[in-house]
Amino acid sequence: MKIQESAENYLEAILILRRRKGTVRSIDIANELEFTKPSVSVAMKRLREEAYIEMDPVGYITLTEKGEAIASSVYERHQLFTKWLISLGVAPAVAEKDACRIEHVLSAESFSAIKRHVEENERT
């Protein structure tokens, strides 16, 4: 399933915030991504309509099963690419930014091949 890069970024941010804070509200996402509250509200409405997230009456956001799957996949890619680029000598801040771009455009096949390669090299 392919969704827009911005939606992937929002889902990943929700996952990261949940792991860090336990609960997530729109204001947390706005602060994390440095977006305006109205922009985040529009995005949350779209993600809710597409059944990627649920929001309780008080405003706490949770990922649905399909939202969690996408967020976890994007986050795994982000982590692997950041770590890999740093191991190649890329400055951590640059690696972080580049990983954020790469994670959205690489095919599943290419990601799997890179992941296998990185894991094999970690064992040696």
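Which side chain meets that of glutamate 49 in a salt bridge? The partner is lysine 45, at 3.4 Å from N to O, where a salt bridge is a side-chain nitrogen of Lys or Arg within 4 Å of a carboxyl oxygen of Asp or Glu. Glutamate 49 and lysine 45 both belong to helix α3 and lie four residues apart, about one turn of the helix. Glutamate 49 is exposed, at a relative accessible area of 53%, whereas lysine 45, at 45%, is partly exposed; buried denotes under 20% relative accessible area, exposed over 50%, and partly exposed the range in between (1.4 Å probe, protein chains only).

The model is predicted, so that local features need pLDDT of at least 70 and side-chain atom pairs count only at pLDDT 80 or more, while totals for chains, interfaces and linings use all residues. Residues are numbered from 1 along each chain as its sequence is written, and side-chain values use heavy atoms, with hydrogens and water left out.

The protein contains six helices and two strands, in the order α-α-α-β-β-α-α-α from the N terminus. These elements are DSSP runs numbered from the N terminus (helices: H or I, at least four residues; strands: E, at least two). Along the principal axes, the C-alpha atoms fill a box of roughly 50 × 30 × 25 Å. Of the 124 residues, 34% are buried. Among contacts (heavy atoms within 4.5 Å) between residues at least 6 apart in sequence, 54% join residues at least 24 apart.

Two packed helices are described by the angle between their axes and the distance between the axes. Helix α1 (residues 5-21) packs against helix α3 (residues 37-49) at an angle of about 95°, the axes being 11 Å apart. Axes are lines fitted to C-alpha atoms, for helices over the stretch in contact, and angles run from 0 to 180 degrees between N-to-C directions. The two helices α1 and α3 are therefore roughly perpendicular, a class that covers 65 to 115 degrees (under 35 is roughly parallel, over 145 roughly antiparallel, the rest oblique). Helix α1 contributes Ala7, Tyr10, Leu11 and Ile14 to the contact, and α3 contributes Ser39, Val40, Ala43, Met44 and Leu47. Eight of these residues are nonpolar, one is polar and none is charged, with Ala, Val, Leu, Ile, Met, Phe, Trp, Tyr, Cys and Pro taken as nonpolar, Asp, Glu, Lys and Arg as charged, and the others, Gly among them, as polar.

Helix α1 also holds glutamate 12, which is buried yet has no salt bridge. The nearest side chain of opposite charge, that of arginine 19, is 8.7 Å away; Lys and Arg count as positive and Asp and Glu as negative, with His and the chain ends not counted. Not counting residues up to four places away in sequence, glutamate 12 touches Ala71, Val74, Tyr75, His78 and Glu103.

In helix α2 (residues 26-33), the buried residues are Ser26, Asp28, Ile29 and Ala30. Their cover includes α1, α3, β1 (53-55) and β2 (61-63). Aspartate 28, at a relative accessible area of 14%, forms a salt bridge with lysine 21, with 2.9 Å between the closest N and O atoms. Lysine 21 is partly exposed, at 47%. Just after α2, glutamate 34 adopts a positive phi of about 60°.

A further salt bridge joins lysine 83 and glutamate 122 (2.7 Å, N to O). This pair links distant parts of the chain, 39 residues apart: lysine 83 lies in helix α4 (residues 65-87) and glutamate 122 in helix α6 (residues 108-123). Glutamate 122 is partly exposed, with a relative accessible area of 46%.
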